[in-house]
Amino acid sequence: IGKIPKHWIIRKLKHISKVQLSSVDRHEHDDELRVNICHYPDVYKNEYISEKTKLPFGTCSVNEFKKFSLIDGDILLTKDSESPEDIGIPALVKGELVKTVCGYHLGIVRVLSDECHSDYIYRFIESNCARDYFFTESSGITRFGLGKSSIENLSIPCPPKSEQVEISKKIKMMSFKSSEISLKLLKKISLLKEYRQSLISSVITGQVRVLEKMV
């Protein structure tokens, strides 16, 4: 993973967090608790999961509710997919969620070490380095998956916590700027498509004449 400062420590994910793989599926049962469930697409499409994220309803057992309820700072990641490139995609839980659990095909990484910052661990899992590791660890033929031990054995370079906070703030700012630029470009593309469609309609209806010298 390149050069690492001498004062940074390489640690396994299992030594700084608790990793759990959810068993909460989409089936609903009358004798179970009614909850919000964060499913695979919610993690795949969102950077953060918060009270503003629209999550579907479902049910789970009391034991599943105790094991897989989400709290602030939890890191969710995709563990199964039809393509190994879609494995290990993370999302970070922001704020307290009411009666919300992690759904099937996802893993929960809950940072327990006081020396580690959840936002920093999330950003590292988001990095190409972690993605490459998950790619090589995934197994399957038509469907690929990650085992719990593979997730737990991810090596993470850990600077002092103050540096972790600064690094995650910097990345968040860069991510925000990148998203702003993407939105502006998408808006321009949409306007160009509208103009193109309007021009085609004008030509077809004869509102705009196409002369030989224009061709």
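**Cavity, pocket, rings and strands**

The model is a predicted one. The largest pocket holds about 180 Å³ of space, and the count of aromatic pairs comes to three.

**The cavity**

- The volume of the largest cavity is about 30 Å³.
- Its lining is made up of Lys18, Val19, Gln20, Ile108 and Arg110.
- Two strands, β2 (17-21) and β10 (106-111), each supply at least two residues of the lining of this cavity, and β2 gives the most, with three residues.
- By class, two of the lining residues of the largest cavity are nonpolar, one is polar and two are charged.

**The largest pocket**

- Trp8, Tyr120, Arg123, Phe124, Glu126, Ser127, Pro157, Ile167 and Ile171 line the largest pocket.
- Helices α3 (118-126) and α6 (161-204) each contribute at least two residues to the lining of the largest pocket.
- The largest share of this lining, four residues, belongs to α3.
- Six residues of the pocket lining are nonpolar, one is polar and two are charged.

**Aromatic pairs and a charge over a ring**

- By the rule applied here, there are three aromatic pairs. One of them joins tyrosine 40 and tyrosine 44, whose ring centres are 6.0 Å apart and whose planes are at 15 degrees, so this pair is stacked.
- Both tyrosine 40 and tyrosine 44 belong to helix α1 (residues 40-45), where they are four residues apart, about one turn of the helix.
- Tyrosine 40 counts as buried because its relative accessibility is 18%, under the 20% cut-off. Tyrosine 44, with a relative accessible area of 38%, is partly exposed.
- Tyrosine 48 and tyrosine 122 form a tilted pair, because their ring centres are 6.2 Å apart and their planes are at 45 degrees.
- This second pair links distant parts of the chain, with tyrosine 48 in strand β4 (residues 48-49) and tyrosine 122 in helix α3, 74 residues apart.
- Tyrosine 122 is buried, with a relative accessible area of 1%, whereas tyrosine 48 is partly exposed, with a relative accessible area of 22%.
- A charged side chain also meets an aromatic ring: lysine 79 lies over the face of tyrosine 104, at 5.5 Å from the ring centre.

**Strand pairing**

- Three strands make up an open sheet in the order β7-β12-β11, and their pairing is antiparallel. The edges are β7 (80-81) and β11 (139-140); each has a single partner strand, so one side of each is left without a neighbour in the sheet.
- Within this sheet, β11 and strand β12 (residues 144-145) run antiparallel and are joined by two bridges. Glycine 140 has phenylalanine 144 in β12 as its bridge partner.
- Elsewhere, strand β3 (residues 33-38) pairs with strand β5 (residues 57-60) in the antiparallel sense, over four bridges. Here leucine 33 stands opposite cysteine 60 in β5.
- Strand β3 also runs parallel to strand β9 (residues 100-102), to which three bridges join it. Valine 101 in β9 is the bridge partner of isoleucine 37.

How values were computed:
Residues numbered from 1 in each chain as written. Predicted model: local features only at pLDDT ≥ 70, side-chain atom pairs only at ≥ 80, totals over all residues. Heavy atoms only, no water. 1 Å grid on protein atoms, 1.4 Å probe; cavity = no way out; pocket = protein on both sides within 12 Å on 5 of 7 lines; lining within 4 Å. Points joined across faces, edges and corners; volume = space filled by probe spheres on them. Nonpolar A, V, L, I, M, F, W, Y, C, P; charged D, E, K, R; others polar. Phe/Tyr/Trp six-rings, centres within 6.5 Å; stacked < 30°, edge-to-face > 60°. Buried < 20%, exposed > 50% of the residue type's maximum accessible area, 1.4 Å probe, protein only. Lys NZ or Arg CZ within 6 Å of the ring centre and 35° of its normal. Pairing = 2+ DSSP bridges.
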